[in-house]
Amino acid sequence: MTQSEGYLLDNRQTEAGERFDAFTTLFDPTTFRHLEGLGIGSGGRCWEVGAGGTSVVSWLAAKVGPEGEVVATDIDTSLLASAARPPLRVLVHDVGAEEPPGEGFDLVHARLVLVHVPDRERALRSMIEALRPGGMLLIEDADPALQPLVCPDEHGPEERLANRLRQGFRRLLADRGADLSYGRRLPRLLREAGLRDVEADAYFPLTSAACAALESATVRQIRDRLVAAGIATNEDVDRHLANVAAGGMDLATAPMISAWGRKA
C-alpha cells in the first residue's frame with residue numbers, strides 16, 4: 001500500500017488487525033483457489049505486494065518450501081514481523097514509488113492494494129517487470145463503484161444509515177486518490193501491458209459474520225474522519241455500530257475482482 005499522510009486505513013491502528021482477520025475469512029479461499037490454479041509449488045519464487053497480514057504469505061511459504069522464496073512487501077510491515085523467517089523475507093517497500101525488490105519471480109500477487117496506490121500504472125509496470133518470462137501475475141482488487149452499498153437490501157432506517165456511512169467512506173477514499181472502479185479494468189490493463197492468457201472473475205460476499213466484523217472495524221477505524229468531514233455525528237456512528245452488533249442487517253462487501261495473466 002502506498003505511503004501517504006492521508007492514508008485512511010493505517011496498519012498501525014488497533015482495528016487493522018481485525019480488518020485483516022476479516023479479509024482472511026472472506027477472501028483467502030478465493031485467493032488460494034487462484035494461486036493453486038496458477039501452479040506455484042516447491043522451489044518457486046514469489047513476491048507478495050502490500051502483504052499486510054500473514055495468511056497469504058504463510059500459505060505461499062508452505063507451498064514453495066525451503067528451496068523457494070517469498071518476498072513480502074508493504075509500507076508498514078508491523079503485522080508481518082511474526083512470520084519473517086525463511087523462506088519468507090519481509091521488506092518495507094512502496095510499490096508505487098520504488099523499484100521492485102528483485103526480479104525473475106515466478107509469481108507476483110497483490111490483493112486489495114492497487115486501488116489505494118496513486119501511481120497505479122507505475123506499480124503495475126513494476127510488478128510485471130519483476131516477473132520472469134512465463135511468470136504469472138495475479139491482481140485482486142475491489143470495485144466499490146460496481147456495488148456501492150453495504151446494505152444492498154435497503155429496507156429500513158438501520159440500512160439507510162449504514163449506506164450513508166458507506167457513501168461517506170467511499171468519498172474519503174476517493175479524496176485520497178483511491179480508484180473506486182479499478183477492479184473492472186484489470187483484465188484490459190493486463191492485456192494492454194502485454195500479458196497473455198488473461199482471465200478474471202469476481203467474488204461478492206453478501207452477508208456473513210466476517211462481513212459484519214469488517215464493517216465494525218472499518219467504521220471504528222475511520223470514525224474520527226467521518227465526524228471531522230461532517231459525514232456523520234458520533235451519535236450516528238454509535239447507533240450504526242450498535243445496529244451491526246445486533247446482527248439484524250445483511251452487510252455486504254464490494255466485489256473483489258481477480259485477474260491473472262502470463263508474462264510473454
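Strand S1, residues 45-49, is mostly covered, with 4 of its 5 residues buried. Buried here means under 20% relative accessible area, exposed means over 50%, and partly exposed is in between, using a 1.4 Å probe and protein chains only. Strands are DSSP runs of E with at least two residues, helices are runs of H or I with at least four, and both are numbered from the N terminus.

A word on the source. This is a predicted model, in which local features need pLDDT of at least 70 and side-chain atom pairs count only at pLDDT 80 or more, while totals for chains, interfaces and linings use all residues. Residues are numbered from 1 along each chain as its sequence is written, and side-chain values use heavy atoms, with hydrogens and water left out.

Back to the strand. Which strands pair with S1? S2 is joined to S1 by 5 bridges, and the two run parallel. S4 also pairs with S1 in the parallel sense, over 4 bridges. Pairing requires that DSSP finds at least two bridges between the strands. On the S2 side, valine 49 stands opposite threonine 73; on the S4 side, cysteine 46 stands opposite leucine 107.

S1, helix H2 (residues 55-64) and S2 together make a right-handed β-α-β unit. Right-handed means that, with the strands pointing away from the viewer, the path from the first strand over the helix to the second runs clockwise.

Next, arginine 111, which is found in strand S4. Is arginine 111 buried or exposed? Arginine 111 counts as buried, because its relative accessibility is 12%. Its side chain makes a polar contact with the side chain of threonine 31, at 3.0 Å. A polar contact is a pair of N or O atoms within 3.5 Å; within protein, one must be able to donate a hydrogen and the other to accept it, and residues adjacent in sequence count only if both atoms are side-chain atoms. Leaving aside neighbours within four places in sequence, arginine 111 is in contact (heavy atoms within 4.5 Å) with several residues, among them Val49, Ser55 and Glu140.

Leucine 112 sits in the loop between S4 (105-111) and helix H3 (120-129). Leucine 112 has a positive phi of about 55 degrees although it is not a glycine, and counts as buried at 13% relative accessibility. Aspartate 197, in strand S6, also has a positive phi of about 55 degrees, but counts as exposed at 56%.

Last, the peptide bond from proline 86 to proline 87 is cis, with omega near 10 degrees. Proline 87 lies in the loop between S2 (69-74) and S3 (88-92).
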